[in-house]
Amino acid sequence: MTSTPSFIIIAIDGGAASGKSSTSKILAERFNLLHVDTGSFYRHITHELLRRGVLPTNLAALTLALTELNFTTQLQGRSAQLMIGGQPADHEIRGQNVNEHVSHYAAIPAVRQKLLGYQRGQVAVAQQHGFRGLVMEGRDIGSVIFPAADYRFFLHADPIERAKRRAREGQLDSIAERDRLDSSRIASPLVSPTGAIAIDSTFLTLEQVVGKMAALIEKS
Ligand code: DC
């Protein structure tokens, strides 16, 4: 008799351009997992709030605007896309304006609270679509969203190497400033969670990083 493998949750945290998305996507493909990029969720919300002219400093307007945002999920291949009011995110969520503002919105507890249940709800989305599990990337996945995840990884890399990676992607991104803001905020800061497996990818290829993770996952 063959037993059905149990649902697995993989949390990958790390700073900007630390290689989370590339590794998550390959793991998703290899292990039949739903890929959930929570940075894209914060980016989409930031883009929507900027479009509405709601500043992070105006808490009353922001709280009201958040109640008006209706979240649903649409799959794009193996990746979960956050739809706000039925609309997917567009390419502007990777642009300079969102890069500059996203950490300010992400530091607000009401914004994080609004996403908390939605992010945990991705388990049900993965199950409904027949995935074996999910791989979720972000800043607080192993510390707050899924502290009991089956695997928790923390990726880091030298800031100069990370800046080069972004430049190769043709992006202007204030990596160091975002990391500073994301690590120093009170609400769910960027931290390497206790017990997480830390991987320094500065001198590793993408295949080597994925190989380290996959070896641990395959062993269990
Ligand atoms: O992963 P990314 O660089 O696309 O994320 C954009 C921003 O979103 C990041 O600077 C901080 C915020 N973020 C967060 O606060 N918590 C997460 N789980 C994911 C992203």
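**A helix pair and a ligand shell**

Q: Where do Arg51 and Glu48 lie?
A: In this predicted model, both Arg51 and Glu48 belong to helix H2, where they stand 3 residues apart, which is about one turn of the helix.

Q: And what do Arg51 and Glu48 form, with their closest N and O atoms how far apart?
A: Arg51 and Glu48 form a salt bridge, and the closest N and O atoms of the pair are 2.9 Å apart.

Q: How many salt bridges does the count come to?
A: The count comes to 12 salt bridges.

Q: OK, new topic: how many residues surround the ligand, and which are the closest?
A: The ligand is surrounded by 17 residues, and the closest of them are Arg43, Arg112, Arg178, Asp182 and Arg185. Sorted by class, the shell has 9 charged residues, together with 4 polar and 4 nonpolar ones.

Q: Which polar side-chain atoms lie by the ligand's oxygen or nitrogen atoms?
A: Among them, Arg139 has a side-chain N or O atom 2.9 Å from an oxygen atom of the ligand, while a polar side-chain atom of Ser103 is 3.3 Å from a ligand oxygen. For a nitrogen atom of the ligand, a polar side-chain atom of Asp140 lies at 2.9 Å.

Q: How much of the ligand's accessible area does the protein cover?
A: On its own the ligand has 450 Å² of accessible area, and the protein covers 97% of that.

Q: Which pocket does the ligand take up, and which elements give two or more residues to the shell?
A: The ligand takes up the space of the largest pocket, and the elements giving two or more residues to its shell are helix H2 (38–51), helix H4 (96–106) and helix H9 (175–184). The largest share, 4 residues, comes from H2.

How values were computed:
Residues numbered from 1 in each chain as written. Predicted model: local features only at pLDDT ≥ 70, side-chain atom pairs only at ≥ 80, totals over all residues. Heavy atoms only, no water. Near = heavy atom within 4 Å. Polar contact = N/O pair within 3.5 Å; in protein donor to acceptor, adjacent residues only side chain to side chain. Areas by Shrake-Rupley, 256 points an atom, 1.4 Å probe, with all protein chains shown as cover. 1 Å grid on protein atoms, 1.4 Å probe; cavity = no way out; pocket = protein on both sides within 12 Å on 5 of 7 lines; lining within 4 Å. Sits in = over half its atoms within 2 Å of the grid points. Nonpolar A, V, L, I, M, F, W, Y, C, P; charged D, E, K, R; others polar. Salt bridge = Lys/Arg side-chain N within 4 Å of Asp/Glu carboxyl O.
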